[in-house]
Amino acid sequence: MLPLRYYSVIPNNEVTEITKKRNYMADIKEPIKIRRKSLKNGNISLYLDIYRNGKREYEFLKLYLIPEKNREDKERNRQTLQLANSIKAQKIVEMQNGEYGFKSQFAEDTLFYEYYRSMCQSRLGKESRGNWGNWFSCLHHLLKYDKRENLTFSDITPEWVQGFKDYLENEAVAWGHDFRKRIKDKPLARNSKVSYFAKLLACLNKAYDDRIIAFNPARGIYNFKAEEGTRMYLTIEELHKMIDTPCEYPQIKAAFLFSCLTGLRRSDILRLTWSDVQEQSGFTRIIFKQKKTSGQEYLDISPQAALLMGERGKPKEYIFTDIHSPSCTNKTIQEWVLRAGIDKKITFHCGRHTFAVMMLDLGTDIYTVSKLLGHRELNTTQIYAKVLDKNKQKAVANIPEFFKKKEDED
């Protein structure tokens, strides 16, 4: 924009022409704009103002802003505007593709479900069985949402993506692939919604990287917020009780206690062979590759954890054997926990939680705990800092004594 002093020496008709040119250039840069129309009920309807080939046309999005009375209303309007901007961006890309002939560079006629199934197959054996199963569970819900087997990526629009998210939120039920009669359908758990929608986002991201699509229709549409689960763990006192209590299967006992003292996952413990164990600088060191993250790990373990492995065997021999299915193992552990007089629901994975909380309880800094657990991001370890916050304990301990104990009064 020109300075005011410049306008003072330009005739009014020329100023008008400059303004027109500036507006014309703005239209070239942004041929589609989001407009608003107030409705009688107080809501605001959003629509696209499209300027193409010298002509103006309008497209109503069926998206509405509501009067903002609280935080929830503000958040809803924020998400609605994000979706509108996402649709607008896609329309601009489509317009450019049509005008400049870029369409042939992308393969938007690729069948969506065929592409998604190939992604499922490529993950077999490369990640945990549970996460791999979630890919297929998501596929089941996608087919419930849109049954068209001939669905192509050109059909996947921001509205379609938002529609699937709304389906997960309002319609999807757990065990939808189970055709046995049930008294009542159970809505999907919050974290199941998070997992399934994340699978769709991952598929679309890959399709964008593979140049299947010119624009990612999920842009601006965010996943559900994950529900924070309870990290069940054993205290040091409870761990002593478990050690002193017999377990029906000694190898399950040894493997679980090994997890409590090392933080290793069940999947990594079962894959350990004696070739992974070395002695270095007075420490027993385990060198292994995490199954979940494929990260190479070098973990020094305590002498007590080393004792749980027993006598050294041949290099290719597994250290922990006779550990059956997760359900069988967890049932044995729960019976063992109850026998020890502990009223907690404990699974094998709780051994990892126990190790993390114990390390923090013993004063280990969170960065070191993160490294011991093999976490890639420190944020992942922060969850355990919530479970045990030494500063909070210290603050509570400083509260003065207001009530005398009964024995003191006597």
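Reader: What makes Leu-143 count as partly exposed?

Author: Keep in mind that this is a predicted model. Leu-143 has 23% relative accessibility, and partly exposed is the label between under 20% for buried and over 50% for exposed, so Leu-143 lands in the middle class. You'll find Leu-143 in helix α5, residues 129-145. Its C-alpha atom is separated by 8.7 Å from that of Tyr-113, 30 residues apart along the chain.

Reader: And why is Val-396 called exposed?

Author: Its relative accessibility is 56%, and the cut-off is over 50%, so Val-396 counts as exposed. Val-396 sits in helix α16, residues 390-397. Together with Ile-399, Phe-402 and Phe-403, Val-396 makes a nonpolar surface patch of about 520 Å².

Reader: How do you know that Arg-148 and Asp-146 meet in a salt bridge?

Author: Check the distance: their side chains come to 2.8 Å, N to O, and the limit is within 4 Å, so the pair qualifies. Asp-146 is buried at 8% relative accessibility, whereas Arg-148 is partly exposed at 39%.

Reader: What makes Arg-271 and Asp-268 a salt bridge?

Author: Same test! The value is 3.9 Å, N to O, which is still within 4 Å, so the label holds. These two are three residues apart in helix α10 (266-271), which separates them by about one helical turn. In general, an α-helix has 3.6 residues a turn, so residues three or four places apart point the same way. Asp-268 is buried, with a relative accessible area of 4%, and Arg-271 is partly exposed at 43%.

Reader: Which parts does the salt bridge of Asp-300 and Arg-285 tie together?

Author: The closest N and O atoms of Asp-300 and Arg-285 are 2.9 Å apart. Asp-300 lies in strand β6 and Arg-285 in strand β5, so the pair links parts that are 15 residues apart in sequence. Asp-300 is partly exposed, at 34% relative accessibility. There's also a network, in which salt bridges with shared partners join Arg-35, Asp-49 and Arg-56. A search of the whole structure finds 11 salt bridges.

Reader: How do you know that β5 pairs with β6?

Author: Count the bridges. Pairing takes at least two, and six join β5 (residues 283-289) to β6, so they pair. One example is Lys-289, whose bridge partner in β6 is Gln-296. On the β4 side, four bridges join β4 to β5, with Glu-279 standing opposite Thr-284 in β5. In the hairpin of β4 and β5, which has two residues between the strands, Ser-281 takes a positive phi near 55 degrees.

Reader: Which strands stand at the edges of the sheet?

Author: The open sheet runs β4-β5-β6, with antiparallel pairing. β4 (277-280) and β6 (296-301) are at the edges: each has a single partner strand, so one side of each is left without a neighbour in the sheet. From one strand to the next, the twist averages 30 degrees.

Reader: Last one: why can you say that the buried residues of α14 line one face of the helix?

Author: In α14 (residues 366-373), the buried residues are Val-369, Ser-370 and Leu-373. Looking down the axis of α14, they fall within an arc of 105 degrees, so they line one face. The face turned away from that buried side carries the exposed residues Tyr-367 and Lys-371.

Notes:
Residues are numbered from 1 along each chain as its sequence is written. This is a predicted model: local features need pLDDT of at least 70, side-chain atom pairs count only at pLDDT 80 or more; totals for chains, interfaces and linings use all residues. Side-chain values use heavy atoms; hydrogens and water are left out. Axes are lines fitted to C-alpha atoms, for helices over the stretch in contact, and angles run from 0 to 180 degrees between N-to-C directions. Patches are made of residues with over 30% relative accessible area and no salt bridge: like charges are joined within 9 Å, nonpolar side chains (Val, Leu, Ile, Met, Phe, Trp, Tyr) within 5 Å. Accessible areas come from the Shrake-Rupley method with a 1.4 Å probe; for residues, only the protein chains shown count as cover. Buried means under 20% relative accessible area, exposed over 50%, partly exposed in between (1.4 Å probe, protein chains only). The arc is that of the directions from the helix axis to the C-beta atoms.
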